[in-house]
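Please keep the model open while you read.

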Amino acid sequence: MTGATLQVIRLSRAAAASVPAETAAMARRCILDWFGLAIAGADEPVSRALRAIALAEGGRPAATIMGGRGGQGVTVRQAAFLNAVAGHALDYDDVSLAMHVHPTTVILPPLLALAEERALGGGAVVAAFVAGYEAAGMIGRWLGAGPYDRGFHMTGTLGALGAAAACAHLLGLDEEATARAYGLAASQAAGLKAQFGTMAKPIHAGRAAEAGLCAALWAEAGISSRTDILEAPQGYAATQSAVPAGPITWDGHELDRNSFKYHASCFGTHGAIEAIAALRAQGLEPTDVRRVRLTVDAGADRMCNIAAPTTGTEAKFSLRFVAALALSGADTGRPGLFTDAVTARPDLVALRDRVTVAFGPADWPADLTAVEVTLADGSRREARCDTSLIGADDDRLRAKFLHLADTLPDGFAQRLAEQVAGIEAVTDLRALCRLTLRVG
């Protein structure tokens with residue numbers, strides 16, 4: 001075996017074998033953030049519908065439905081799928097700008113499901129999480145933005161390979177079997193950006209998690225596959241984008257550059273929210289606003305530019321509407337804000353209709369948003385935000401987690417946070433996962 005697939009396998013394993021303290025701390029942030037999102041996301045309509053289907057389908061209970069109820073155990077495969085859907089249902093989960101993927105919700109759920117079934121500890125899960133994250137990060141940087149620009153939702157496509165890499169690491173597969181797992185995952189990878197603003201989007205995450213899990217289990221069982229799927233003719237790279245000319249490289253843990261979301265909407269809208277919040281802090285009021293111009297990268301047009309959303313789900317992908325929410329001073333960190341009723345509120349629709357979206361020149365930074373507000377008296381206010389510079393804020397992340405997990409029985413959220421803080425030493429992840437369960 002030679003080529004890009006083998007390079008990724010070897011480099012990601014090396015990255016997982018030596019994890020610096022700051023990288024391990026970032027992994028724990030990702031895990032805590034995801035638990036809160038999966039608990040709250042379990043109540044979303046898409047999660048409830050899919051959970052009902054899984055429970056009716058039945059199977060050998062082996063893993064926990066996060067945010068579910070006692071006695072609702074499901075198969076490992078069902079848990080990977082359902083928990084990944086729940087983690088992405090609010091569109092509030094973390095982001096890797098390098099790979100254009102919501103990484104934790106595709107990589108972590110299958111690892112937790114496997115760990116519950118096979119009685120594996122937290123240290124093994126963290127190492128596997130790092131391996132999967134770094135594998136996806138290397139592939140993402142190698143491919144660039146081409147697949148995303150073509151319309152692939154890379155959380156569903158590249159995410160499946162990241163999940164397979166992580167699960168293969170947790171299962172202790174050798175290089176050849178891991179390469180087969182990559183191939184089996186690539187054959188299942190799917191997800192289209194045209195589905196943004198619908199319930200299909202979180203299903204992309206669920207299928208990626210499930211695909212990665214199944215790929216690793218199938219490889220463990222001896223199922224054959226190409227072992228050069230990344231570079232093969234008509235393989236993953238060739239069908240997703242132009243095959244990169246250069247080799248796979250690794251320049252330090254991609255996980256260190258993970259981005260978190262502090263607003264419950266598409267990450268592409270966060271620059272507008274943050275810039276408008278800065279103007280409001282200077283005294284800007286919605287009654288003062290004549291018009292607003294947002295300047296963003298042209299790629300936003302195919303990601304978060306639904307001009308006139310009619311549902312709460314669509315509103316999360318509308319720069320114009322999210323700008324209106326920010327102008328009104330609404331708490332965009334509250335997932336319950338994004339409802340059909342709020343989207344139809346006349347005052348917010350009137351504000352939305354004062355917002356226009358413009359696209360910057362070809363060299364406009366992908367993560368930069370510029371806001372220009374024209375006031376009633378003709379004067380202007382301006383602000384900018386580069387979302388790639390918004391780092392991990394432990395206080396904000398803990399507050400976000402506690403808010404999302406506030407439906408748990410008294411004390412459970414605090415205990416869960418404490419266990420995640422020391423997850424490498426946790427020997428029974430089944431007990432940790434049961435802390436996500438509601439009473440009844």
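Is Asp394 buried, partly exposed or exposed? Asp394 is partly exposed, with a relative accessible area of 44%. Bear in mind that this is a predicted model.

Asp394 has a partner: it forms a salt bridge with Arg29, and the closest N and O atoms are 2.6 Å apart. Asp394 sits in helix α17 (residues 394-404) and Arg29 in helix α2 (residues 21-41), so this pair ties together parts that are 365 residues apart in sequence. Arg29 is partly exposed as well, its relative accessible area being 23%.

The structure holds 24 salt bridges. Three of them are set out here.

| Pair | Closest N to O |
|---|---|
| Asp394 and Arg29 | 2.6 Å |
| Arg320 and Asp353 | 3.5 Å |

Let us turn to the second row. Glu220 is partly exposed at 37% relative accessibility, and Arg118 is partly exposed at 35%. Both residues also belong to a network of salt bridges that includes Arg60 and Glu117.

Arg320 lies in helix α14 (residues 319-328), while Asp353 lies in the loop between α16 (346-352) and β2 (355-359), 33 residues apart. Arg320 counts as buried at 15% relative accessibility, whereas Asp353 is partly exposed, with a relative accessible area of 45%.

Note on methods:
Residues are numbered from 1 along each chain as its sequence is written. This is a predicted model: local features need pLDDT of at least 70, side-chain atom pairs count only at pLDDT 80 or more; totals for chains, interfaces and linings use all residues. Side-chain values use heavy atoms; hydrogens and water are left out. A salt bridge is a side-chain nitrogen of Lys or Arg within 4 Å of a carboxyl oxygen of Asp or Glu. Helices (H or I, at least four residues) and strands (E, at least two) are DSSP runs, numbered from the N terminus. Buried means under 20% relative accessible area, exposed over 50%, partly exposed in between (1.4 Å probe, protein chains only).
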